[in-house]
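Open the structure in your viewer and keep the selection tool at hand. We will go stop by stop.

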Amino acid sequence: MTDATSARSARRHHWRRDVVELAALFTAVAVADAVANTIAHGPSGPVLLCAGAVALLATAGFHVWWARRHEHAPPPTDTAAAGTAPPAPAAGARETVLWRMRTTVQDEPGSLAALCTALAALGVDILSLQTHPLSKGTVDEFLLRAPAGLGPAELTRTVAGAGGTHSWLERADAHDLVDAPTRMLGLATRTALDSAELPLALRQLLGRCTIHSVPARSLTGQPLAEEVPAEGVLEEHTMKFRDPSGGSLTIERPQVPFTPTEFARVRALVELDTRLGQRVPPRRDVLTLPEGNEITVRRAGTGDLAAARAMHERCSDRTLAQRYHGPVGDADRYLGHLLSPRFGRTLAVETASGRLVALGHLLWDGDETEVALLVEDAWQQRGIGAELLRRLVAMAAETGCESVYAITQASNTGMVAAMRGLELPLDYQIEEGTLVITARPTGPPPHREDRTALRLRDGSRHG
């Protein structure tokens, strides 16, 4: 039925109803007039009229009360009012896991659709998709939510049967749910705020990879880094760039080839870091030692090279040997590398007069991270080393480092005690006469006020 036909039918029924109501009204008036004349001329006419009026008023009042009481009641056709039970809730969501998958498909119509259909048949939900065009084929990177009972082998076989080749699969987490543009903006922001963030940003962008930052020259002045073109070099499993701090930056990922899209993203981050120059966050924390002296803990950089060399001169040969595990005369040569944000993060401790008395280093080393401490002799045994170590391990945990290790000697009881004070699982191993202590942080180590020798002053944080 068309809308015009429906409208004409509604108007016809409307006039019929009006005629019936008008006829009923005239009939009711005639009947009322006849009844009124009969009662009025009877022996008890006035009494009956008054009684009828009272009855009508009572009936009208009851009708109003009843209507107001049931005005919010459901209509008779409502299923709930009729006693029908509400529908049963849906079954609980099944347990799922997140996967990151990368596969190569033919660059032709229908290839991606066939792959998505095969995944849907397994109950796999595609949360995000990125395409990386190549000269031959297209690399598709998926974020998948799959049933927990679906194993990686079955998932890989299904992808291969749908035309995917060179597939790669690894577990993902909630952090991978961020879309690619938002993720790139976040990594660029981190890189812009801190020079030490570039290696970490590259790892988060590329996944499992190895980053080699090779200085331009060795400690003895010999050239180390190879010449890299300004635009960089892209090979199948290797990317090379000019290191913004000098030398070269090499990124390797044997398990998955790099794509031109990834190369462009990495080059953008490296160029951003190069344009902004060396950057160290200006945060400074003023702490109070047990005896009441105040010290400042802050990030350090290559601008602290002269102050660090002066501290070396005030340290004993034993302290320098425990720290650098080599000839004491070579200690100053390491400072340029240690203070560079390209290789990690460094915390410095200053006295109220501005003299540098301690350094703590967090050095990137693949999936592991090394921590190292140097405290001037006159400032040892005051809790400074333990405080630096706690902060460094907290930094490593925040960046997702799986393990943190310290290389020392068994006679260095201060370093051993500081590592044990982290209250983290520790592994001990002797290698070539040195002690390697490895901690596996699952989060920032606890900071208990009754176990630390330092106290943060209220209102003393700057920068």
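Start by colouring the chain by pLDDT. This is a predicted model, and the chain averages a pLDDT of 78. Of the residues, 73% score at least 70.

Now select residues 1–13. Here the pLDDT is below 50. Beyond near neighbours in sequence, this stretch has one contact in the model. Next, select residues 443–463. The pLDDT is below 50 there too, but this stretch has 52 contacts beyond near neighbours in sequence.

Switch to a cartoon view of the whole chain. How many helices and strands does the chain have? There are 12 helices and 17 strands. Take the contacts between residues at least 6 apart in sequence: 63% of them join residues at least 24 apart.

Show the surface next. The chain exposes about 26500 Å². Carbon and sulfur atoms supply 56% of that area. Of the 463 residues in the chain, 37% are buried.

Time for the rings. A search of the whole structure finds two aromatic pairs. Select Phe241 and Phe263 and show their side chains. Their ring centres are 5.2 Å apart and their planes meet at 20°, so the pair is stacked. Which elements hold these two residues? Phe241 lies in strand S7, residues 238–242, and Phe263 in helix H7, residues 260–276. The pair therefore ties together parts that are 22 residues apart in sequence. Are Phe241 and Phe263 buried or exposed? Both are buried.

Move on to Tyr324 and Tyr334. This aromatic pair is stacked as well, with 5.7 Å from centre to centre and 10° between the planes. Tyr324 belongs to helix H9, residues 317–324. Tyr334 belongs to helix H10, residues 331–339.

Tyr324 has 9% relative accessibility, so Tyr324 counts as buried. Tyr334 has 30%, so Tyr334 counts as partly exposed.

Note on methods: Residues numbered from 1 in each chain as written. Predicted model: local features only at pLDDT ≥ 70, side-chain atom pairs only at ≥ 80, totals over all residues. Heavy atoms only, no water. pLDDT = per-residue confidence, 0-100. Contact = heavy atoms within 4.5 Å. Helix = DSSP H or I, 4+ residues; strand = E, 2+ residues; numbered from the N terminus. Buried < 20%, exposed > 50% of the residue type's maximum accessible area, 1.4 Å probe, protein only. Areas by Shrake-Rupley, 256 points an atom, 1.4 Å probe, with all protein chains shown as cover. Phe/Tyr/Trp six-rings, centres within 6.5 Å; stacked < 30°, edge-to-face > 60°.
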